[in-house]
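User: Please take a close look at one residue and its surroundings, and describe the part of the chain in which it sits.

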Amino acid sequence: METLAISLVNAVPLLAGVPLWTVTLLLMVAVAAVILVFALTFEGVGSLVLRKVAGDIQARIGPNRVGPNGMLQFLADGVKLVLKEDIIPANADRLLFKLAPYFVFVGSFAAFVVVPFGVGLIAADLNIGIYYVMAVTSLVVIGVLLAGWASNNKWALLGGMRAAAQIVSYEIPVGMALIPAVLIAGSLSLQDIVRSQGGLLGIFGWNLFHNPFTFFSFFLYFTAAQAETNQTPFDLPEAESELVSGYNVEYSGIRFGLFFLAEFGDMFIVAALLTACFLGGWNVPFFHVGTLPWIWGNLLSLGVFLTKAFAMVLIMMWVRWTLPRLRVDQLMRMSWKYLVPLTFVNLLGVSLWLLVFRGKGIPGMIASLFG
Amino acid sequence: MGLKAYLNDIVEAVVTTAKGMRITARYGVDPKEEVTLQYPEERWEIPKGYRGFLHNDIKTCTACNMCVKVCPIDCISLESVRGADKKMVLCSYDINIGRCMYCGLCVEVCPVNSLLHTSGYEMASVARGELILHFIAAEDAPGIKARVARQVAEAAVKAAAQAAAKAAEVPSSGTAEAAKVAEAAKAEAAKAPVVEPKAAMEEAPQAPVSEPTVAKEGEKKE
Amino acid sequence: MTIRTDALPTQEMTINMGPQHPSTHGVLRVILTTDGEVVTRAVPDMGYLHRGLEKIGERVTYAQYMPFTDRLDYLAAMNCNCAWAWTVEKLAKIEVPARAEYLRVIVCELNRISSHLIAFGSYTADMGAFTPFLYAIRERERVNDLFEMLCGNRLTYNYARVGGVSGDAPPGFLEKTKEFLDYFEPKLDEYNNLISYNKIFVHRLANVAVIPAEEAVAYGLTGPNLRGSGVPFDLRKDEPYSVYPKFDFKVCVGTGERGTLGDCFDRYMVRINEMRESVKIVRQAVAQIPDGPVRAKVPRLFKPPVGEAYFRSECPRGETGIYLISDGTVNPLRLKIRTGSFVTMNIFEKVTRGLMIADVVAVIGSFDIILPEIDR
């Protein structure tokens with residue numbers, strides 16, 4: 001960001017008198033605004049796509065009245081939510097009630113900072129990228145607990161407790177399943193991880209095909225992430241048919257909208273991490289994107305990245321509409337007795353592999369056979 | 001739990017999930033599987049015999065009151081007067097479509113098939129009063145009653161005149177006897193028109209009820 | 001009130017699974033006393049849908065009561081219509097023409113299919129899989145189309161009459177029924193692949209609320225709930241009525257295939273298998289149906305002889321028995337309806353002790369209760 005600020009000051013003579021830190025700050029705000037717009041658009045369109053996909057799977061048409069083919073439905077929903085009455089239950093803890101949606105939304109939105117959208121398109125290429133994402137998405141737990149407690153509603157409380165237990169339990173498999181990608185790249189920075197999958201191996205350069213353990217960890221991460229984002233089969237906290245919407249039962253209007261948007265934001269983060277760590281990120285197969293001029297290279301890589309991320313989101317929706325819901329003790333059991341041991345074994349396997357084969361994956365070894 | 005059972009659990013979960021996902025994928029991709037009928041642009045074809053709103057053909061209705069009696073929730077009400085030809089004339093016929101449960105018993109029991117189901121099912125309204133169907137407008141009722149009363153009176157006068165004429169035709173052997181008979185007939189004729197209309201009006205609610213049902217029961221008991 | 005005094009003292013929580021709840025299949029209020037997620041006591045509070053159907057019976061005539069039986073169990077309205085008709089015919093010893101009995105069996109079994117489809121769909125929706133519900137509704141719409149063709153209405157049919165049925169099948173009805181059966185039978189395999197044997201679904205249902213056979217009989221359970229516990233009692237076979245002896249079908253019994261015998265999964269599978277058997281029955285009925293009148297001559301103001309009669313029939317939710325006392329007038333003196341769902345609620349409190357809240361939802365779904373039947 002600093003370098004960008006410096007180049008901006010050099011390019012625009014008007015800004016010569018402005019101190020650097022102001023320019024940097026304004027630039028940061030501008031970038032955050034752009035990402036916010038993208039995030040909100042994705043979340044809105046994502047909710048619409050969810051309903052259309054649900055309709056297709058359920059032998060019916062989704063929304064199709066607002067706009068051509070229903071494409072403006074999310075705007076109508078957004079306007080409706082904003083115009084709704086702001087109801088706070090009588091004996092609710094007002095401050096915590098109002099604070100909870102912000103925790104959840106910030107927890108989801110702050111992770112957008114390290115998402116590698118393109119070759120040069122990343123808000124902040126932190127060298128602790130994945131670590132940062134794991135830490136920041138844990139803010140969601142606080143938000144959900146606050147929402148459950150402050151609603152003064154036993155159903156909300158149950159939902160909040162379940163959500164807290166679930167998200168905390170699934171943090172471990174999520175983290176463990178991402179470590180193989182980190183080990184192969186040798187860095188926690190997401191841009192480094194993406195770059196390590198580039199090169200002339202094309203699709204086979206992806207971490208997915210590197211070795212059987214990373215292939216396995218793709219699915220482990222997918223499952224654990226489905227739980228982190230409260231999607232069926234892990235949507236107990238908002239189990240519509242049992243808890244009548246769980247921790248957000250007392251929320252209405254835009255407060256509810258924030259919870260809802262944060263769910264889709266989380267979905268995108270998970271999809272982005274899946275793409276970056278396992279599916280090659282913004283790498284175009286058999287092509288070195290850096291050779292193109294700055295604007296074309298970024299556009300192309302952005303397009304590739306978004307295509308892969310959206311495909312992952314669609315698969316998550318597909319799983320969501322197929323499977324029933326796990327009970328809370330089965331959910332805990334699955335995390336602690338199945339996912340955690342499997343991810344540990346996986347991690348051990350990847351470490352041994354990298355030790356034995358000196359960091360080379362299967363496609364790499366096959367390629368080196370042919371010279 | 002042993003390792004084998006553990007691995008079996010995982011494999012079974014993956015396999016059954018994949019089977020389910022294959023089915024949902026097929027539905028998701030196949031455009032022929034959408035069964036939505038986009039109302040109100042597309043409408044379901046109503047089959048013959050659909051029990052929609054009720055319609056009574058006033059000209060054919062004989063005001064026999066069968067529909068009123070058989071309705072389990074009393075949503076049909078009618079008013080009738082006995083006409084000059086001894087048949088009942090409808091003054092008002094109301095069906096409360098909002099209360100009606102479309103069971104079809106009234107249509108089944110109508111002897112002249114004047115009360116029928118239509119295929120209508122759309123009558124959203126903002127006031128419950130709008131849901132009462134008046135098959136004879138309320139303002140027509142006094143007119144009908146007045147007309148019928150007039151017809152009955154005319155018929156009674158005509159009948160009395162005929163009776164008097166018949167009495168006059170009797171060959172008069174003795175003028176005193178004949179005159180007495182003629183006077184008695186005239187007195188009767190004079191009395192009759194006064195009594196009849198009132199009796200008809202009072203008897204109206206009961207007489208038509210018993211007549212058709214008795215006839216019906218007689219028929220059914222054969 | 002503290003319950004656990006060992007390591008961590010906890011406090012009981014009273015939650016109201018109120019009359020308005022997505023999973024209680026109607027306006028059922030369950031007062032749950034839980035220790036965290038584990039239910040210590042679940043008391044059902046019924047009566048939110050009481051409409052005095054039995055009292056209404058004393059005010060209307062026998063023919064006029066037929067539309068009220070539609071609303072007794074609106075998902076199996078044909079079965080309730082026919083139950084009333086059979087009871088009155090038993091009391092007055094009326095002979096019903098053969099074609100009418102065959103038509104009654106056809107519509108009763110088709111309605112069994114559509115009722116079990118709703119049971120299956122809403123159960124899977126309660127468990128979180130929203131998709132099979134819509135597939136079930138789609139199939140049910142086709143059954144409703146058949147009924148609309150037959151009697152003119154899609155939910156409250158008022159089809160049976162004392163002495164027969166209200167009208168003959170229009171031309172094309174039997175062919176369309178066969179078409180529907182051919183279309184529907186492979187769908188059951190699709191449902192089994194999609195959800196019935198799904199590991200998550202099986203885990204939610206297996207070993208939950210196990211009801212041993214003796215207990216099921218002692219509490220008076222009937223229908224699929226009883227057969228799910230392994231008791232092969234089906235009124236259509238054990239006390240046959242109408243023309244059921246002429247058909248060849250199996251009695252579906254729970255086998256404990258994915259858990260213990262008598263758990264929720266068994267009751268669920270009994271319903272899926274019963275749909276298959278109903279398809280078989282309808283096929284045979286459509287093939288065997290004779291020609292003839294569809295209604296016996298019954299006087300308009302029908303006065304049965306003085307006496308009483310009790311007739312029970314196999315409805316999708318259990319045994320529906322109607323006890324009718326007549327005093328020779330046009331209105332019944334007293335009628336009492338015994339429904340499967342009401343008696344099933346007897347065992348609810350016992351069976352939910354020690355379960356988790358999510359399992360309470362599973363239990364309600366597996367009993368397939370419907371509130372109009374419970375509250376009348």
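**A residue and its surroundings**

C:Thr124 counts as buried because it has 26 C-beta neighbours inside 10 Å (buried means 20 or more other C-beta atoms within 10 Å of its own, exposed 12 or fewer, partly exposed in between, with C-beta atoms placed from the backbone). The model is predicted: local features need pLDDT of at least 70 and side-chain atom pairs pLDDT 80 or more, while totals for chains, interfaces and linings use all residues. Residues are numbered from 1 along each chain as its sequence is written, and chains are lettered from A and ligands numbered from 1 in the order in which they are written.

C:Thr124 belongs to helix 4 of chain C (helices are DSSP runs of H or I with at least four residues, strands runs of E with at least two, numbered from the N terminus). Leaving aside residues up to four places away in sequence, C:Thr124 touches A:Pro324, C:Ala129, C:Pro132, C:Phe133 and C:Ile195; contact requires C-beta atoms, placed from the backbone, within 7 Å. C:Ser196 is 72 residues from C:Thr124 in sequence, yet their C-alpha atoms are 8.9 Å apart.

Helix 5 and helix 6 (residues 173-196) of chain C pack at about 170°, with axes 11 Å apart; axes are lines fitted to C-alpha atoms, for helices over the stretch in contact, and angles run from 0 to 180 degrees between N-to-C directions. These two helices of chain C are therefore roughly antiparallel (over 145 degrees; under 35 is roughly parallel, 65 to 115 roughly perpendicular, the rest oblique). Their contact includes C:Pro132 of helix 5 and C:Ile195 of helix 6.

Conventions
Contact = placed C-beta atoms within 7 Å.
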